Amino acid sequence: MLSNAFLIAIKEIKRNILRSFLTILGIVIGVASVIAMVMIGDGTTANVKESISKLGTNMLILRVGQEKKGPPKEDNSSKPFEEADIAAIKNEVQNIKAVAAENSTTVNIVYGNRSNSSSVVGTNNDYFVIKDWEITDGRIFDDSELSSGKSTCLIGTTIVKQLFNDENPIGENIRLKNITCNVIGILKSKGASAFGRDQDEIVIVPLKMYQQKIKGNKDISSILISITEGKFIDNAKIEITSLMQERRAIKVGEVDNFNIRDMQDILSTMTSTTKMLTYLLGSIAGISLLVGGIGIMNIMLVSVTERTREIGTRLAIGAMENEVLLQFLVEAIVLSTLGGIIGIFLGAAIGYMTVNIMDLPFILNSQIILISFFFSTFIGVFFGYFPARKAARLNPIEALRYE
């Protein structure tokens, strides 16, 4: 009985192929939208994770002032850190791999007749360890450059492209404001950060040079700390917090004038935000599935009206009500399932093209595909039941008289 109902459903769909296509269009658009939106959202989330991983491994960020959400911002409202704080962390906190100051500002970089506004970071050699930053050409700072504040620097690939084109910048002098700085190394490209900033548009100089010649003070606004293993991060945070409270003379009950965050905190915040947006967009797109279901119900009601005499004939020669109900219900389910299948392939294609254009990872979420497919089938059952029941309950005599 079921196979017969299925064959009749296929026959009716073929008989009105254009109307059938327009009927399932809402389902196709709905399923395709949900899959494409989720695919883009998953790709964005993966991209955020990858970007944050580029910022450093097992890294803690110690900043002046109370915690602020979003991209790092310099806080001048609290007492800045000192180089002695870096030494204290190295000597008194367990499982420390590397510690580096991170002072930064934006400066106009000039080479010849070319210039570019770029981020300049004052730090030490531990910075490259913490950030997992490789040197593709040249070298890092030597001890004399770090201790004397000599005007040397390493530059990112964006600076190389914008100022030097195809020339080798090693050994060349660039100007930071009115300071001549000798290029001793080139950093490996890292691309854009999780906040959209180009990480390769950077110049790294010795901390003492930054303090003496660029900022004119000995302040340190933030300290980067790398822990040997991820399992020691929580204990390290506790030890560093206690150490800083002691060094900054913060009394019991007073609010800390510093904050410490690990990359997992930042990762959790950003991924939860992108996932929430993904589900929101997917839910909005899913509304079109309901619209498609209403379209199926509408067309099935029209179909019942058109085939009233046929239904009356079947009932008159002995067809059971449940057989008629099954026939129309199967037809609605076939329509919605067909729409779901087409929507899955269309959504995957749109998602694939979009993530490639946006340069995001391609992630095919099998779970959302199954949910979309079963939901589209459920819509066929839900919205097809009322027209099918109406057909099954027709009075055979009145149906045969219907013109």
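Residues are numbered from 1 along each chain as its sequence is written, and side-chain values use heavy atoms, without hydrogens and water. In this predicted model, local features need pLDDT of at least 70 and side-chain atom pairs count only at pLDDT 80 or more, whereas totals for chains, interfaces and linings use all residues.

**View 1. The tilted pair F128 and F141.** The structure holds 7 aromatic pairs; rings of Phe, Tyr and Trp (its six-membered ring) pair if their centres lie within 6.5 Å, and planes under 30 degrees apart count as stacked, over 60 as edge-to-face and the rest as tilted. The ring centres of F128 and F141 are 6.2 Å apart and the planes stand at 45°, so this pair is tilted. F128 belongs to helix α4 (residues 126-130) and F141 to the loop between β5 (135-138) and α5 (143-148), so the pair ties together parts that are 13 residues apart in sequence. Helices (H or I, at least four residues) and strands (E, at least two) are DSSP runs, numbered from the N terminus.

**View 2. The aromatic cluster of Y127, F128 and F141.** These residues form one cluster. F128 is buried, with a relative accessible area of 6%, and F141 is buried at 3%; buried means under 20% relative accessible area, exposed over 50% and partly exposed in between (1.4 Å probe, protein chains only).

**View 3. A charge over the ring of W133.** The charged end of K190 sits over the W133 ring, 4.9 Å from its centre. This term requires NZ of Lys or CZ of Arg within 6 Å of the ring centre and within 35 degrees of the ring normal.
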